[in-house]
Amino acid sequence: MELEWLRPGALIGSIVFALLGVVVFWLSFVIIDKLTPYDLWQEIIEKQNLALGVVVAAMALGICLIVAAAIHG
């Protein structure tokens, strides 16, 4: 029984796509942060805005799903 995912090509491809997904997620999050009228980090961390934290978490999950679907298909 051969382990398909241990081949060098498959392993390197997985690492490249994972890094690409993280970079695309990070860039989209930075763009959304710039588009909002306030500083997300300050609102969530310093002002303890839980509602905004939940909205940003949902947005992050949505972006991650889109990036994963684009890379997979």
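Student: In this predicted model, does glutamate 43 count as buried or exposed?

Tutor: Glutamate 43 is found in helix α2, which covers residues 40–46. Its relative accessibility is 17%, and the cut-off for a buried residue is under 20%. Glutamate 43 therefore counts as buried.

Student: Which residues is glutamate 43 in contact with, leaving aside its neighbours within four places in sequence?

Tutor: With those sequence neighbours left aside, a contact requires heavy atoms within 4.5 Å. On that basis, the residues in contact with glutamate 43 are Tyr38, Gln48, Asn49 and Leu52.

Student: Which side chain does glutamate 43 meet in a salt bridge?

Tutor: Side chains of opposite charge can pair when their charged atoms come close. A search of the whole structure finds one salt bridge, and in it the N to O distance is 3.2 Å. The side chain that glutamate 43 meets there is that of lysine 47.

Student: Is lysine 47 itself buried or exposed?

Tutor: The salt bridge joins glutamate 43 and lysine 47, and glutamate 43, at 17% relative accessibility, counts as buried. For lysine 47 the relative accessibility is 52%, and the cut-off to be passed is over 50%, so lysine 47 counts as exposed.

Student: What is the phi of glutamine 48?

Tutor: Glutamine 48 is found in the loop between α2 and α3, the latter covering 50–72, and at 61% relative accessibility it counts as exposed. Most residues other than glycine have a negative phi. Glutamine 48 is not a glycine, and yet its phi is positive, at about 55°.

Student: Moving to the other loop, which backbone oxygen does the side chain of threonine 36 reach?

Tutor: Threonine 36 lies in the loop between α1 and α2, and it counts as partly exposed, since its relative accessibility is 22%. Its side chain comes to 2.8 Å from a backbone oxygen, where a polar contact requires a pair of N or O atoms within 3.5 Å. The backbone oxygen belongs to aspartate 33.

Student: How many Å apart in space are aspartate 33 and valine 56, C-alpha to C-alpha?

Tutor: Aspartate 33 lies in helix α1, which covers residues 8–35, and with a relative accessible area of 23% it is partly exposed. Leaving aside neighbours within four places in sequence, aspartate 33 is in contact with Tyr38, Asp39 and Leu40. Aspartate 33 and valine 56 are 23 residues apart in sequence, while their C-alpha separation in space is 9.6 Å.

Student: And which residue is 39 residues apart in sequence from cysteine 64 but 6.5 Å apart in space?

Tutor: Cysteine 64 lies in helix α3 and, at 35% relative accessibility, counts as partly exposed. The 6.5 Å is a C-alpha to C-alpha distance, and the residue at its other end is phenylalanine 25.

Student: Why is the chain described as more spread out than a compact globule?

Tutor: The secondary structure comes to three helices and zero strands, and from the N terminus on the elements run α-α-α. For 73 residues the globule rule gives 11 Å, and the chain is more spread out than a compact globule because its radius of gyration is well over that value, at 17 Å.

Student: What box do the C-alpha atoms fill along the principal axes?

Tutor: Buried residues make up 11% of the 73 residues in the chain. Taken along the principal axes, the box filled by the C-alpha atoms is roughly 55 × 20 × 20 Å.

Student: Which residues does UniProt list for "transmembrane region"?

Tutor: In the model, residues 6–29 are 92% helix and 0% strand, with end C-alpha atoms 32 Å apart. Residues 50–71 are 100% helix and 0% strand, and their end C-alpha atoms lie 31 Å apart. The UniProt entry, which is unreviewed, lists under "transmembrane region" residues 6–29 and 50–71.

Student: Finally, in which element is confidence highest?

Tutor: The chain averages a pLDDT of 86, and 95% of the residues score at least 70. Where pLDDT is low, the predicted coordinates should not be read in detail. Confidence is lowest in α1, at a mean of 87, and at 90 it is highest in α2.

Key. Residues are numbered from 1 along each chain as its sequence is written. This is a predicted model: local features need pLDDT of at least 70, side-chain atom pairs count only at pLDDT 80 or more; totals for chains, interfaces and linings use all residues. Side-chain values use heavy atoms; hydrogens and water are left out. Helices (H or I, at least four residues) and strands (E, at least two) are DSSP runs, numbered from the N terminus. Buried means under 20% relative accessible area, exposed over 50%, partly exposed in between (1.4 Å probe, protein chains only). pLDDT is the predictor's confidence in each residue, from 0 to 100. UniProt positions are given in the numbering used here, feature names are shortened, and annotations may be inferred rather than shown by experiment. A salt bridge is a side-chain nitrogen of Lys or Arg within 4 Å of a carboxyl oxygen of Asp or Glu. The radius of gyration is taken over C-alpha atoms; the globule rule is 2.2 Å times the number of residues to the power 0.38. A polar contact is a pair of N or O atoms within 3.5 Å; within protein, one must be able to donate a hydrogen and the other to accept it, and residues adjacent in sequence count only if both atoms are side-chain atoms.
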